[in-house]
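Have the viewer open and follow along.

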Amino acid sequence: MTAVRIPERMNFSQVAPKVFKAVLALDAAARDGLDPVVVELVQIRASQLNKCAYCIDYHTGDARKAGETEERIYQLSAWHESSLYTAEERAALALTEAVTLLPQGVPDEVYAEAETRFGEKGLAQLIALIFTVNTWNRMNVTTRKTPGTV
């Protein structure tokens with residue numbers, strides 16, 4: 001089997017280094033105080049929804065480094081039907097889906113559950129993490145950054 005190589009449109013970090021560095025700084029700030037496993041689950045799930053192959057590849061690797069199991073990574077796209085995720089993780093994933101698929105809005109019950117699980121400060125961090133991963137996804141999908149590229 002021969003893999004198809006999708007040509008990258010641009011190397012965003014080279015063409016717009018100030019913007020790229022600003023998103024890196026936002027990414028670092030958004031993670032502050034959040035459980036690294038929750039961070040990676042959120043980033044993988046948003047990347048699945050946005051069909052960002054580069055980010056799925058990148059964050060599944062980081063999730064493994066953070067101690068995540070293969071089984072939980074594989075079941076993430078069907079987390080609603082899986083018993084492998086904690087109440088906190090489920091709240092984070094529900095909020096991730098609501099914020100990523102924003103045209104449907106963020107239901108009050110999804111927001112309230114996330115606030116209950118994370119508190120106001122943690123919720124603010126989680127929201128920042130979600131919109132940051134969505135920024136990365138949009139940057140990488142638009143420029144066709146593919147797994148295996150730096």
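Q: Which helices each supply at least two residues of the lining of the largest pocket, and which one gives the most?
A: In this predicted model, the helices that each supply at least two lining residues are H1 (12-15), H2 (17-31), H4 (53-65) and H7 (108-142). With five residues, the one that gives the most to the lining is H4.

Q: How much space lies in the largest pocket, and which residues are the closest to its centre?
A: The largest pocket holds about 340 Å³ of space. It is lined by 20 residues, and the closest to the centre are Phe20, Tyr54, Tyr58, Trp136 and Asn140.

Q: How does the lining of the largest pocket divide by class into nonpolar, polar and charged residues?
A: Tyr and Trp count as nonpolar in this scheme. On that basis, the lining of the largest pocket comes to 10 nonpolar, five polar and five charged residues.

Q: Are H3 and H4 roughly antiparallel or roughly parallel to each other?
A: The angle between H3 and H4 is about 160°, with 9 Å between their axes. Angles over 145 degrees count as roughly antiparallel. H3 and H4 are therefore roughly antiparallel.

Q: Which residues in H4 does H3 meet, and is the crossing left-handed or right-handed?
A: From H3, the residues in this contact are Glu40, Gln43, Ile44, Ser47 and Gln48, and they meet Cys55, Ile56, His59, Thr60, Asp62 and Ala63 in H4. The contact divides into four nonpolar, five polar and two charged residues. As for its hand, the crossing of H3 past H4 is left-handed.

Q: At what angle do H3 and H6 pack, and how many charged residues does their contact have?
A: H3 and helix H6 (residues 87-100) pack at about 35°, with axes 9 Å apart, in a right-handed crossing. Among the residues that meet are Arg45 in H3 and Glu88, Glu89 and Glu97 in H6. The contact has eight nonpolar and two polar residues, and its charged residues number four.

Methods. Residues numbered from 1 in each chain as written. Predicted model: local features only at pLDDT ≥ 70, side-chain atom pairs only at ≥ 80, totals over all residues. Heavy atoms only, no water. 1 Å grid on protein atoms, 1.4 Å probe; cavity = no way out; pocket = protein on both sides within 12 Å on 5 of 7 lines; lining within 4 Å. Points joined across faces, edges and corners; volume = space filled by probe spheres on them. Helix = DSSP H or I, 4+ residues; strand = E, 2+ residues; numbered from the N terminus. Axes fitted to C-alpha atoms, helices over the stretch in contact; angles between N-to-C directions. Parallel < 35°, antiparallel > 145°, perpendicular 65-115°, else oblique. Left-handed = near helix turned anticlockwise from the far one by under 90°. Contact = heavy atoms within 4.5 Å.
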